[in-house]
Amino acid sequence: MSDPIKITEKCVFCGMCVKACPFGAITQAQKKTAPVIDLQKCTLCGSCVVACKFDAIWMKEKSSSGIDLASFKDVWVFAEQHEGVIQSITFELLGEGRKLADSLGMKLCAVLLGNNVQARADELIARGADKVYLVDRPELAYFQDESYANVLIELVKKHKPNVFLCGASTIGRSLVSRVAVPVNAGLTADCTGLAIDPVTKNLLQTRPAFGGNIMATIEAPNSRPQMSTVRHKVMKEAEVNPARKGEVCLETIADVLLQCRAKRLKFIPEVETTTNIAEANIIVAGGRGMQTAEHFGMLRELADVIGAGVGASRAAVDSNWIAYSHQVGQTGKTVCPKIYIAVGISGQIQHLAGMQSSDIIVAINKDPDAPIFKVATYGIVGDLFTILPLLTREFKKVLGK
Ligand SMILES: Cc1cc2nc3c(=O)[nH]c(=O)nc-3n(C[C@H](O)[C@H](O)[C@H](O)COP(=O)(O)OP(=O)(O)OC[C@H]3O[C@@H](n4cnc5c(N)ncnc54)[C@H](O)[C@@H]3O)c2cc1C
C-alpha cells in the first residue's frame, strides 16, 4: 500500500513543515536537505500540508477519523411511503438530490423499503432517480424503527453513499438518527438549504439555529455519509418525466435484520386533522387571540368556505384549543401555502420560522405594532371577532356557497 502522505519534488527544503508538525513527525537532517516524515508518529492531521507554501506535500484524501472519503459515492434519498403511497417529501428530496448529484458528478439513488412496492420504483425514476435500491418484504409493510434502521444500516455499509437525505418527518427524524450513529455519520437535522462546496465537495447543510435568529451552515468533513433531514415544503418537488430510465436493484436482506421487538397493533389516523396543513394551498391559522377552543369554530368555518387547512400558533396548541398536528413553527410544521391567514397571532420568530415562505400572508391583529405585520403582504388591523365573520360572509357570497 502506498504511503498516505509524501513530500514531493516541489519541495524547496525550507523546513516550514518541520516547524508546523505538532507531533515531531517530520525531521530534516540538515538545512537544504529533504525532510522525512515518520509515518509511525504522523497522525495525518494535515498541519504540514497547510503550512507548505509550495504545495509540496501530498496527502491521501482521508478524514481525521481515517475514513477513505473518496470511496463514498452517490446521493441517496430515503423514499418514505405510507401504505404503498410515496410521500411528497420524497419528491422534494429527489428534486434537491438531483442538483447535488449533478454538482458532484454522482448518481442519484432512492432507497425504497416496503411490501409490494416494486411498482413504485418507476415513480422514483420518473422523478429523477438514476437507481432505486429496493427491499420488498412483508415485514417492511409498515414503518418500524428497528427493522427499517437495520436494513438501512446494512445498505449504507454495503454501498457507501456520499450523501443521504431523509425527510424531517416523524418517520424520518426517528429513523435516520438510528442509522447515523452505528455508521459514524454526521447528521444535520431540519435543513432548509443544501449545496455542495465547490472546493471541498462537502455537503453544506443550512438550518435555522438559536430560535431561528441565525442560519447555520454545517459540514461533516470527516465522516461519510453526510446525512441530513430536510423540512417538508421548503424545497421544490422534482418534475415528473415518465420517459426517464433507471436501474432497480432488488436487495436481499437477512431475516434476522427484519425482526422487531416492538409490534404494530393498529394504525389510528388522527381524527382532528381534516386537511394536512403541510400539503394545504391555503391555511387559516389562529393564535392566542382566539381566546378559546370554541372560537376555533369560526376559523374552521372560514377554512371550509375557502377550502383551507387550519393552523395554529404554539400558544393555541399549548392551551389545548387544537391538536399539535396543526402547530406551525419551529417546533411544529413548516408550511408553504399560496395564502396564509394569521388570525390573532403576534408573529414571534418561532412562528415565522414555519410560515414566512408562504406566497401571500394576510395578518389580522388588533395591535398595529404586532411583528406579524412586518412579514404580511396584507394587514388588517382590528378585532378578529368582527373581521372573521365579515370575511366568511363575503367569501360565501363571492364563491356562491
Ligand atoms: C424553543 C421554542 C420553540 C417554539 N416553537 C413555536 C412554534 O413552533 N410555533 C409557534 O407558534 N410558537 C412557538 N414558540 C412560541 C413563540 O415564542 C410564541 O410564544 C407564540 O408563537 C405566540 O403565539 P401567539 O402569537 O398565538 O400568541 P401571542 O404572542 O400572545 O399573540 C397573540 C396576538 O393576538 C392578538 N390579539 C388578541 N386579541 C385579539 C383580537 N380580539 N383581535 C385581533 N387580534 C388579537 C394580540 O394583539 C397578539 O398579537 C416557541 C417558543 C420557543 C421558546
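**Packing of H7 and H11**

Modeller: Helices H7 and H11 are roughly parallel to each other, a term for angles under 35 degrees, with over 145 counting as roughly antiparallel, 65 to 115 as roughly perpendicular and the rest as oblique. The model is predicted, and local features need pLDDT of at least 70, side-chain atom pairs count only at pLDDT 80 or more, and totals for chains, interfaces and linings use all residues. Residues are numbered from 1 along each chain as its sequence is written.

H7 spans residues 296-306 and H11 residues 384-399; their axes come within 9 Å and cross at roughly 20°. Axes here are lines fitted to C-alpha atoms, for helices over the stretch in contact, and angles run from 0 to 180 degrees between N-to-C directions. The crossing of H7 and H11 is left-handed, meaning that the near helix is turned anticlockwise from the far one by less than a right angle; clockwise would be right-handed. H7 contributes Met298, Glu301, Leu302, Val305 and Ile306 to the contact, and H11 contributes Leu388, Leu391, Thr392, Phe395, Lys396 and Leu399; contact requires C-beta atoms, placed from the backbone, within 7 Å. By class, this contact has 8 nonpolar, 1 polar and 2 charged residues, where Ala, Val, Leu, Ile, Met, Phe, Trp, Tyr, Cys and Pro are nonpolar, Asp, Glu, Lys and Arg charged, and the others, Gly among them, polar.

As a second case, H5 (residues 145-159) packs against H6 (residues 170-180) at about 45°, with axes 9 Å apart. That angle makes H5 oblique to H6, and the crossing is right-handed. The contact involves Asp145, Tyr148, Ala149, Leu152, Ile153 and Val156 of H5 with Ser174, Leu175, Arg178 and Val179 of H6. Its classes are 7 nonpolar, 1 polar and 2 charged residues. Beyond four places in sequence, Asp145 touches Ser174, Leu175 and Arg178. Asp145 is partly exposed, with 15 other C-beta atoms within 10 Å; buried means 20 or more such atoms, exposed 12 or fewer, and partly exposed in between, with C-beta atoms placed from the backbone.

For the whole chain, there are 11 helices and 21 strands, taken as DSSP runs numbered from the N terminus (helices H or I, at least four residues; strands E, at least two). Of the 401 residues, 39% count as buried.

Terms used
Two residues are in contact if their C-beta atoms, placed from the backbone, lie within 7 Å.
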